[in-house]
Structures are given as structure tokens and as C-alpha cells.
Amino acid sequence: MNELVVWLLVFPSTVTAVREIPYITAHRGENGQEIYKMKLSFPTIKIHKPDQYICYTRYLAELDEVYVLSTLIEINHEFVHHADLSFCEEPEEFASHQPWECSRSRKYCKGGAVGVYFFDAYYRSEVGKMAYPKDVSLKVGFSTIMRHINLEMHTKAAVTDVQYPLINVTLTFIKTPTKYNFQSHLLLTDGFIPANKEKGYFAEVACRWDKPDVVAYAVQVHTHHVGYMADAYRVRNGTWTLLASQLTQGKTKVLVPVPGGFIDVRQGDVLAAKCLYIPKDNKQVRFGESDGQEMCNVDIQLGYELKHEDSFKRSSACMTQHPKFSFCDHEATSGICGDNRQVNM
């Protein structure tokens, strides 16, 4: 494997290059292992109106095969509402290695892909860091499936004259693999919350796990204005194991560690989730991405063994339609089902 070079940029009067060389530094960890850091910046751009989605894809030319231990996203809160960080195998043809406006289509990856972190302006700056637990990392680099890094930002103000990056990303990585590699599995809802549910409505999701065995270690949950809480479970032979339970009202996406650490998920298990909504009037509320709609997003963070890498090239998802679906409709979850049409609180 090629050695990484430590770059010291000390050119105060040079003209900005077409592609900036990132800072790569190294130090030794507690066990003597070399740990590297690379800092990347979103290219400086001008944005003439607010509420735009701007994307940027960059080939990881400096990294051969490395294992990311943590990511740090720093955003300019004056101009940026939120940012997404992901990696992918190849960008779509329309995706540019220069920033482009991506409001109409934010599906710009083909082949392997993994979403890493969603960072919102409502977070304090010190929690823009996402660190994998011990024994988990993310394999990236130009000789791997994840050879491109993607940055996406949702702007909240026009940028007419800015001389500093709107987003900085720092990758902390090592050169040797860990026991598990990172991927995620999303449980989500579609359809609508029926009218006249002021006393409460549960949106429920349940799907069988058919991929190779994994471990679950954290859950990221998200609802909008009338969502109050979200739960996630592993169901095995009629036994429900809690993965996460979190109040969501007034919060952005919340990352919750699995109680007690890693929980194994085997083929044949069921991953289930439910979100509680208390609408403030008697109107129907649709599920969707816009601010006036609702969401039940329960993103389970997983670790898998690299020998199963072909089964985890992309994150997976399970979606249910509402109000049609409830736990009553799935054999593994019917033991504790409650008909949503009969909910009284």
C-alpha cells in the first residue's frame, strides 16, 4: 500500500490551484498505530438566492484504501441550513466535480454508496463530529468501492462575496481494517396520517432482515412538526429487543446509541419501528420531505464483516404505506399489534 504524504502548505502568495491539495497529517494513537487526518473544503462559490441545494463530488485521489474512524463537518451557520456527507462508487453523468445546483435531483450516485452524516444548523458546532464505535470503520479510497466523497448543502442565504469555505470536512482514518465496516438500513413511511387523529396515531414499519448477519449499534431518528417520539426494535422469535426510543418533538435528526452496545441482527429477524404523531387539527397529514409534511425516518447504523461487502454496496431501506400498514399485518409483529383505526389515548 502506498504511503501517504504529509503536506505542509506554506505558499502565502501563490494563486489558488484548480484542485486544492488537502491537508494530511498523522499521529500515533494509544496503541502506537498511526492515525491520519485529512481536511477537505467545499469549493468557494457564489449563490445568488437562498434555499438552494448545492452538491459537490470529489474523487479521493490521495487515498488508496483507508478506514475512516470519524468524520467532522463544520458548516458556516450564516449561510448553510444543513449539510449531508456521503461516499459513492461513481457519480452520475450529470454530476460535476465542480459544485452544481442539485435541487431537482439529489440522487447523483451509481454503484456503491453510503450516507455518513446529516448535520443541521440547529446543532451546536461541537457535535458536528460522527465517530464510529470501537471495531467499526468505513473503507474508502480510490481502490475501493467508495472512491468519491459527496458533499451536499442546503443554503439559507445568498452568498455574494465569501472568501472562506461554507463547509469543511475532516476525515480521521487508519490503514488497517477493523472487525466491522459501516453501512445503514432505513425504516420509513409513505402515505398519510388520517384526519381526526388529535388523540394520536402510530406509524409503524416492519420488514424481515434477509442480508448476512450484522450488528446494530446506533439509531438516527427524525420526525417533523407533529411527531413526538420514535422507537426501533429487533424482533426475534416473538421477543422484542429495544434498539432506541427517543422524543423527537422540536428536534432535528437525533443519533441514539443502542442500549448496552452492539445488538446482533441475524437473517430471519425483523427490524421494526414506530413513530407517534399528535396532529394539532383534524386535517390529513401526508408523509414526505417538505417542511409541511411529516416523516418517520429511523436509520439503523450497522456493522458488517468485510467478507460480505458485496451484499452491502448500498444502504438498504424498508418502507410501509399508511394508514394501510400496521404491526397486525406482519406475522412477526402481530403479537403486540394495535389497529391504528382504533387508537385512543
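Let's start with Arg28. Its relative accessibility is 57%, so Arg28 counts as exposed. Keep in mind that this is a predicted model.

Arg28 has a partner. Glu34 forms a salt bridge with Arg28, and the closest N and O atoms are 4.0 Å apart.

Glu62 meets Arg58, with 2.9 Å from N to O. Are these two buried or exposed? Both Glu62 and Arg58 are buried.

Next, Asp210. Its side chain meets that of Arg208 in a salt bridge, at 2.4 Å from N to O. Asp210 has a relative accessible area of 51%, so Asp210 is exposed. There is also a network. Salt bridges with shared partners join Arg234, Arg236, Asp264, Arg266 and Asp269.

Now to the strands. Look at Thr71. Thr71 sits in strand S4, residues 66–75. Its relative accessibility is 1%, so Thr71 counts as buried. What does Thr71 touch, beyond residues up to four places away in sequence? The list includes Leu85, Val116, Met130 and Leu171.

Then Asn181. Find Asn181 in strand S12, residues 180–193. Asn181 is at 3% relative accessibility, so Asn181 is buried too. Its side chain reaches the backbone nitrogen of Lys139 at 2.8 Å. Leu302 is 121 residues away along the chain, yet the two C-alpha atoms are separated by 8.1 Å. Leaving aside neighbours within four places, the contacts of Asn181 include Ser137, Leu138, Gly303 and Tyr304.

Last topic: the cores. In soluble globular proteins, nonpolar side chains tend to be buried together. Here, the largest nonpolar core has 44 residues. Which residues have the most contacts inside it? They are Phe87, Tyr132, Leu138, Met153 and Ile167. Apart from that core lies another, of 33 residues, with Ala203, Val219, Tyr277 and Val285 among them.

Take Tyr132. Setting aside neighbours within four places in sequence, Tyr132 is in contact with Val68, Val116, Leu138 and Phe182, among others.

Key
Residues numbered from 1 in each chain as written. Predicted model: local features only at pLDDT ≥ 70, side-chain atom pairs only at ≥ 80, totals over all residues. Heavy atoms only, no water. Helix = DSSP H or I, 4+ residues; strand = E, 2+ residues; numbered from the N terminus. Buried < 20%, exposed > 50% of the residue type's maximum accessible area, 1.4 Å probe, protein only. Contact = heavy atoms within 4.5 Å. Polar contact = N/O pair within 3.5 Å; in protein donor to acceptor, adjacent residues only side chain to side chain. Core = buried A, V, L, I, M, F, W, Y, C linked by side-chain atoms within 4.5 Å.
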